[in-house]
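Please examine the sequence and the structure before reading each solution.

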Amino acid sequence: MGNISKAPKEGVKTYIEGTQYSRKPDLVLQTIKPFKVIGDNKERFIVFKIPFDIGTENNVEAMEFFSSNKKVIHHANFAIHPVADDIDINQGADYLNLTEDDRTKYSQYFPFKKTMTYYGGWIPGTSYESYPNNFGWVMPKRGVILLTVHFAPVSKDEDIVSGVNFFFKKHQLNEK
């Protein structure tokens, strides 16, 4: 082990409740209401629509998927779509069940999918995604997150809230 007095003095990492990043999120976007995962031992793919209108674009420093119970989630993918002012971001269903519903219902989300700013995801064991100075992407001021969650089979009903935490840079990209 060597001389212990020369070992780096590292403190225990402490996390702010609700995140694994070093500070509170600047923006939390989550499902509109809890989703009940039915405890019938069947897996499900659910797409949640999370509309947002934050008033101004922001440079993203870091982001992370969160859920009130990641133990029942196999993985999650999410796309951030900027949406023009003339499109109602609240139209359509709050979520779609791609496993048991008619998949053609997904077409109600097509008006949101003209462009995509970001696409990412989460699998067990991953944490936040962060960007170095002068690198990253810009969160649009208005749009929709389409969050697809693959729920694992569970034996008891679970109410789940999921979403994405955003941490914004304090300066614009390419600014010194």
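Both Trp137 and Phe166 are buried, where buried means under 20% relative accessible area, exposed over 50% and partly exposed in between (1.4 Å probe, protein chains only). The model is a predicted one, in which local features need pLDDT of at least 70, side-chain atom pairs count only at pLDDT 80 or more, and totals for chains, interfaces and linings use all residues. Residues are numbered from 1 along each chain as its sequence is written, and side-chain values use heavy atoms, with hydrogens and water left out.

**Exercise 1.** Determine how many aromatic pairs there are, and describe the pair of Phe65 and Trp122.

*Solution.* Step one is the criterion: rings of Phe, Tyr and Trp (its six-membered ring) pair if their centres lie within 6.5 Å; planes under 30 degrees apart count as stacked, over 60 as edge-to-face and the rest as tilted. By this rule the count comes to 15 aromatic pairs. Step two is the geometry: Phe65 and Trp122 are tilted, with 5.4 Å centre to centre and 35° between the planes. Step three is the location: Phe65 belongs to strand 4 and Trp122 to strand 7, 57 residues apart. Strands (E, at least two residues) are DSSP runs, numbered from the N terminus. Phe65 and Trp122 are both buried.

**Exercise 2.** Classify the pair of Trp137 and Phe166, and state which cluster contains these rings.

*Solution.* The pair of Trp137 and Phe166 is edge-to-face, at 6.5 Å centre to centre and 80° between the planes. Trp137 sits in the loop between strand 8 (129-130) and strand 9 (138-139), whereas Phe166 lies in strand 12, 29 residues apart. Ring pairs join Trp137 and Phe166 with Phe78, Tyr118 and Phe168 in a cluster.

**Exercise 3.** Identify the residues that touch the most other members of the largest nonpolar core.

*Solution.* A nonpolar core is a set of buried Ala, Val, Leu, Ile, Met, Phe, Trp, Tyr and Cys residues joined through side-chain atoms within 4.5 Å. The largest has 30 residues, and Met139, Phe151 and Phe166 touch the most other members. Among the strands that each supply at least two residues of this core are strand 3 (44-53), strand 10 (142-151) and strand 12 (162-168). Apart from it lies another core, of eleven residues, including Val83, Ile89, Tyr106 and Tyr109.

**Exercise 4.** In which sense does strand 5 pair with strand 10 and with strand 7?

*Solution.* Two strands pair if DSSP finds at least two bridges between them. Strand 5 pairs with strand 10 in the antiparallel sense over nine bridges, and Ala79 stands opposite Leu146 in strand 10. Strand 5 and strand 7 also pair in the antiparallel sense, over five bridges; the bridge partner of Ala76 is Trp122 in strand 7.

Terms used
Helix = DSSP H or I, 4+ residues; strand = E, 2+ residues; numbered from the N terminus.
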